Amino acid sequence: MSKSIADLEEMARKCRVEIVKMVHRAQAGHPGGSLSEIDLIAALYATRMRIRPEQPDWDDRDRFILSKGHASPGMYAVLAEMGFISHEDLKSYRVLGGVCQGHVDMKWCPGVDFSAGSLGMGLSFGMGCATAARLDASDRRAFVMIGDGEMQEGSVWEAAMAAAHHELGNLKVILDRNRIQNDDFCEEQMRMFDIPAKWKAFGWNVKEIDGHDMTEVMEGLDFLEAPENCNGPSILIAHTVKGAGISYMENNPSFHGAAPNDEQFHQAMVELGEVEA
Amino acid sequence: MTRMAATRDGYGQALLDLADNPKVVVLEADLGKSTKSLHFRKAHPERTVSCGIGEQNMLLVGAGMAASGYIPFASTFAIFTERAFEQMRNGVARPNLAVHLCGSHGGTHTGTDGSSAQSIEDLAVFRTLPNVTVLHPCDDVSTRILTTRLAGTKSPSYMRTARNKTPVLYDDVDPDSIQIGKGIELKDGNDVAIIACGVLVSESLKAADILMQEGINASVIDMHTLKPLDGQLVDRMVERCGAIVTAEDHNVIGGLGSAVAEHLVANKFAPLEMVGVPDRFGESGQADEMLDLMKLSAKYIVEAAKKAISRK
């Protein structure tokens, strides 16, 4: 945890640059959810995950499951920053034979712990990892990132109920609450009412933060690592902005799954401080 | 007197046999009493994970455990495995994680619960998934042996077991003769080959006896593994008999009959008659009544055999 807040913010900025480059290069992909999640994933990997990038299949590593697997550019950017893959590998995003498959895939990319892409699956898989860790008497953790739209999948709640029943204190969820899903704002597609109350009612430790304020992100990760009820699973509800960091993508449902054109790409690089205006 | 037993009991016994391996874990979805995983639960509660009535979660908890070095055996009714089909597809088969899914109470033979509990499509849907081995053994002995063999494989599987008792065929056989992917020739004939799985294997033996009385000498194959199909054995039957019948308590679309047909058209060819559920849902009835209603019992296999021979 030697990284300063400024260091983490710079890491996240570099990841944002890569996210936009990947999606622009492929002219396809999911920038909005990658940009909303990136501060959280960058901080998690840089300061909490017990991992060995040179040995990605180390048995006793912490697991990270990106259940919203379409937001893969964010994860690939972090994996490159951490040294699991090279920055050159990022050019393989959505390219035939590339390690950076369209959705994160454990069979293709070192450092990916679950082949996601179909929503509502990662929490259950994480529960399996957490259960296995307990059987192994290991203190390794399973971190799972889910999206808010994803919570409309019923299987999320099967897993939420089961993880609390089994008192999986080593299961830690980050909710990327960016308020937008594929077609529109979540509020228009399917209202979810009081999300913290839902998770509390399922028996989870719950904390809410601003998912783009790195100081709050660190406090949130502190909570995940040491929740009030250490025998229960925990969820960090991170309020985020879809497309965060790129003005024309922010809060814009069009950039859930669309690539910027050349002009928009240039503007994004300017806004991220990569090039002069 | 032939011993009678249900294949689900063989599954339950196999889990106990496997318990010496500390990596074997059992996952349940509130039907352990029915699928017979309850025996393992009683003996090893610490290695049994209750997933409540939540099959989708169960499959992926299994995937997470398999990815962490465990060997999960998950079971529920065959019909409810289908509810978790996409979990099996995307979370288990696609990353090729060795989760072993067992669907008990498969087929119309399940009986009086009626059509909602009688899976007639499970073998078809799981057969379409890359990496997945599909099994449907015919008695408790072979179920027990094949289940224990699954623990040594590196890829996922689906095994259907049956609720009701059927004749036991493999008491006192050499366990080495029962291998995943290898059909078993139970009766050696040269006029027609009846290739069957599950509860229809014993019906096929009955049919062969009836045929023998009429001077027709039928081979009977227990094709307990639908995928990978024992194509070499099918080829040998084609060469020797020149006429094939398949028999399964499963929709005639997509199951064993289809698997054999897919093989025949691409290899050595022979006329094929398929005995299976005639693309309709079942209803409440006793197991034997269902086999008659669905035109699956021995007399229908006899009819199919004669028809196949007539087409030579």
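## Residue T48(B)

Leaving aside neighbours within four places in sequence, T48(B) is in contact with V26(B), E28(B), F40(B) and R41(B) (contact: C-beta atoms, placed from the backbone, within 7 Å). The model is predicted; local features need pLDDT of at least 70, side-chain atom pairs count only at pLDDT 80 or more, and totals for chains, interfaces and linings use all residues. Residues are numbered from 1 along each chain as its sequence is written, and chains are lettered from A and ligands numbered from 1 in the order in which they are written.

T48(B) belongs to strand β3 (residues 48-50) of chain B (helices, H or I of at least four residues, and strands, E of at least two, are DSSP runs numbered from the N terminus). T48(B) counts as partly exposed because it has 19 C-beta neighbours inside 10 Å (buried: 20 or more other C-beta atoms within 10 Å; exposed: 12 or fewer; partly exposed: in between). Its C-alpha atom is separated by 9.1 Å from that of S37(B), 11 residues apart along the chain.

## Helix α3 of chain A

In helix α3 (residues 72-82) of chain A, 10 of the 11 residues are buried, so the helix is largely enclosed by the rest of the structure. The buried residues of α3(A) pack against α1 (5-26), α2 (31-47) and β1 (63-66) of chain A. Just after α3(A), G83(A) has a positive phi of about 95°.

## Contact between chains A and B

Chain A gives 20 residues to the contact and chain B gives 22. On the side of chain A, α4 (122-135) and α5 (154-165) are the elements that give two or more residues. The largest share, 8 residues, comes from α4(A).

Terms used
Two residues are in contact if their C-beta atoms, placed from the backbone, lie within 7 Å.
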